[in-house]
Amino acid sequence: MTRNSLELEGLSKTYRLGFWLSRQVKALEGLDLTIEQGQVYGLLGPNGAGKSTTIKIVMNLVRATSGTARLFGKPPTDTETRRQVGFVPENPAPYEYLTGREFVQLAAHLGGVPRAEVARRSMEVLESVGMGRAADLQIRRYSKGMIQRVALAQAVVHRPPLLILDEPTSGLDPVGRRMVRDFILEERKRGTTVLFCTHIIPDVEALCDRVAVLVNGHRVREGRVADLLTAAVPQMELVIEGLSAERLRSFGRTLDDVQQLEARLLVRAADAEAQALVAQVLQAGGRISSMQPGKFTLEELFLQALSEAKHGTVGGEIL
Amino acid sequence: MIRSFWAIAFNGFREARRNRVTLVLAFFAGLLLLSASLITDITIATFDRVLIDIGLGGMSLILVLLAIFLSSSLLSREIERRTIFMVVSKPVSRGMFLVARLAGNMLTLTVLQVLMCALLLLEFWSLRTPITTPTLLAMGMLWFELLLLSSLGFLMSSFAGSMTSAFVTVSMFFVGHLSGDIYQLAQRSKNVALKMLGTTLYYVLPNLERFNLRGQASYGIVVPARELLSSAVYGLAYSAILIWLAALVFGRRDFR
């Protein structure tokens, strides 16, 4: 039986703002989510979609207004359950008066690493994220990329089975982003469950097994990345030879796009139209040299989900 | 759990040790204590009394300032800088985090107090000023005042910003030393409401004068053990209530 690492049921959060706490901002509403062990799960959404709020509820940094969150079957308030989780917040801020080594050692003590192993394990994880040589520099001297590496090291020093990363690649240069992606893939190999939220779509496409798209606190899409992309293919792309563009149009089909490529025609049409068009082209003596689903990326799916949700605002729904 | 507690407490001590403000204040404390002997040049007859007065007063002032500075900005700074995210998300309860941070603060203040006391006693010894029991007791009772002020600073910084926390804690320091006078004044009033207000304030506000034995030290008056014990219990109990309130507030906070 598969054990779920994380379960969210009807999770909602409304922030109360202002001096009299009279202004309310709905950050999350009725979120259901289940993450199985060993999955790499992406939470995708624009700014203010509720991704960070979800993660903060799971990490016991914010209290849910209603609904439940369970980590390995227990609530996030259960201190011992959090021993099984490694967490990197958005824009991590480790104690800058400490050195990288001291900070990771502090995390190891708090994470319950056996005392005799703290020094060795800390150095091991620092080296695994490429921070071995800078381990004894004070964190105040680190660049953003180095801070992110130390934050990743402190999250895995106690070998947790679940890693939660809030915008792990945001603000990093290509080298830093590559490092974080390699780190996640390495953790996946170990069997670690990874939940990360981001608005960087290529990261989700490259890393995630499943993805949930959040828009203004609502889940608008959820599923396996491959399934979502296949199910959402909107059009077919055909390359036709032996017919002119005018002849093709005379068939009376609704074509999204027709482009002349020297002696060939590149045609884009809805799936049903494309199937009927094939028969007409062959009947008219033409030749289909290629037919494939039009390229559909997660970005298009994301934008489609955004427009369907009809929520153009950013920062949660203000009540 | 105990290991996590000490890890956070020692980290707090390390933070204070690497903080420039703490180092500068400690340096000035040293200078102030050493310069006490220069000030006493103006007097001949009451040399010992003035030296004890200035020495203990200077030490008390520096340590109280440090206690307020360290405690009133600690939690709010952790929240503002978001350093708290990577600690509170660990298998550590918020209450334990708070108490461990306070323990780290008190460890810093205790180490500084011990060093200042040693420096002051060395100065007394070198200037042949008698080291008496009242002097040692005055030094010891200061610790309870530091604990109470630190707990108050923690309570304030569990929900307010650094400036507000510091302002309220400083105000409470002055009010706490004047609460006896407020009570006396209220008792002389013919207005019943004012009398009640004065009495309520006296019992609700911390009475920091209970920990001030500098006068007794100057005049060599030994305070009875029962009074000392009662003041120590008062300090511990008052601090415990403040810490409990701070834990209550801190435990319910959202860290956005």
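## A buried arginine

Arg101(A) is buried, with 20 other C-beta atoms within 10 Å. A residue counts as buried if 20 or more other C-beta atoms lie within 10 Å of its own, as exposed if 12 or fewer do, and as partly exposed in between, with C-beta atoms placed from the backbone. This is a predicted model: local features need pLDDT of at least 70, side-chain atom pairs count only at pLDDT 80 or more, and totals for chains, interfaces and linings use all residues. Residues are numbered from 1 along each chain as its sequence is written, while chains are lettered from A and ligands numbered from 1 in the order in which they are written.

Arg101(A) sits in helix H2 (residues 100–111) of chain A. Helices (H or I, at least four residues) and strands (E, at least two) are DSSP runs, numbered from the N terminus. Leaving out residues up to four places away in sequence, Arg101(A) touches Ser122(A), Met123(A), Leu126(A), Ala135(A) and Asp136(A). Contact requires C-beta atoms, placed from the backbone, within 7 Å. Ile139(A) lies 38 residues from Arg101(A) along the chain, and their C-alpha atoms are separated by 9.4 Å.

## Where chain A meets chain B

In chain A, 23 residues are in contact with 21 residues of chain B. H2(A) gives the largest share of chain A's side, 5 residues.

## Chain A as a whole

Chain A has 10 helices and 14 strands. Of its 319 residues, 40% count as buried. The C-alpha trace spans about 80 × 50 × 45 Å along its principal axes.

Chain A is divided into domain 1 (4–230) and domain 2 (235–293). These bounds come from an automatic or database domain assignment. The centres of the two domains, taken over C-alpha atoms, are 48 Å apart.

## A four-stranded sheet

Four strands of chain A form an open sheet in the order S11-S12-S10-S13, with antiparallel pairing. Strands S11 (257–261) and S13 (287–293) of chain A stand at the edges with a single partner strand each, so one side of each has no neighbour in the sheet. Two strands pair if DSSP finds at least two bridges between them.

Strand S10 (residues 235–241) and strand S12 (residues 264–270) of chain A pair in the antiparallel sense over 7 bridges. Leu238(A) stands opposite Val267(A) in S12(A). Helix H9 (residues 271–283) of chain A packs on the sheet and touches S10, S12 and S13 of chain A.

Key:
Contact = placed C-beta atoms within 7 Å. Axes fitted to C-alpha atoms, helices over the stretch in contact; angles between N-to-C directions.
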